[in-house]
Amino acid sequence: MKLVGPKVASPRAAGKYVVGMPMWMWVTRSTSSYGPATAKATAGGVTVTAKVAAIRWDMGDGTTITCTGPGTPYSADRGKSVSPD
């Protein structure tokens, strides 16, 4: 059984950001990213279906953030606001 991992999105392709500004994190929605991604496998008369339930972001400093959805994409009109999810 193989599920393809999410495609992490970014408001800036270069990946340069300003310290102290809100960080928006999201993944794209598609059949090969957050969802609807499902996979089935059968062995010994048992069928299992797997699907994405959450995404856990590792911040690199020991902190992790778990989200139960793909997140909201950032757009310039959102300015310095904090992500709603």
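**Burial, rings and a hairpin**

Reply: Start with Trp24, which is buried because its relative accessible area is 5%, and buried means under 20%. This is a predicted model.

Me: Which residue forms an aromatic pair with Trp24, and is the pair stacked or edge-to-face?

Reply: The count of aromatic pairs comes to one. Its centres are 5.2 Å apart, with 75° between the planes. Planes over 60 degrees apart count as edge-to-face. So the partner and class are Tyr74, edge-to-face.

Me: How many residues apart are Trp24 and Tyr74?

Reply: Trp24 lies in the segment before strand 1 (38-43). Tyr74 lies in the segment after strand 4. The pair links distant parts of the chain, and the separation is 50 residues.

Me: Is Tyr74 buried, partly exposed or exposed?

Reply: The relative accessibility of Tyr74 is 26%. Buried needs under 20%, and exposed needs over 50%. Tyr74 therefore counts as partly exposed.

Me: Which side chains of strand 3 are buried?

Reply: Side chains alternate along strand 3.

Me: Which residue in strand 4 stands opposite Trp57?

Reply: Strand 3 (residues 55-58) pairs with strand 4 (residues 64-67) in the antiparallel sense, over four bridges. Arg56 stands opposite Thr66. Opposite Trp57 is Ile65.

Me: Which residue in the hairpin of strand 3 and strand 4 takes a positive phi?

Reply: Five residues lie between the strands of this hairpin. The phi in question is near 85°. The residue that takes it is Gly60.

Conventions
Residues are numbered from 1 along each chain as its sequence is written. This is a predicted model: local features need pLDDT of at least 70, side-chain atom pairs count only at pLDDT 80 or more; totals for chains, interfaces and linings use all residues. Side-chain values use heavy atoms; hydrogens and water are left out. Two strands pair if DSSP finds at least two bridges between them. Helices (H or I, at least four residues) and strands (E, at least two) are DSSP runs, numbered from the N terminus. Rings of Phe, Tyr and Trp (its six-membered ring) pair if their centres lie within 6.5 Å; planes under 30 degrees apart count as stacked, over 60 as edge-to-face and the rest as tilted. Buried means under 20% relative accessible area, exposed over 50%, partly exposed in between (1.4 Å probe, protein chains only).
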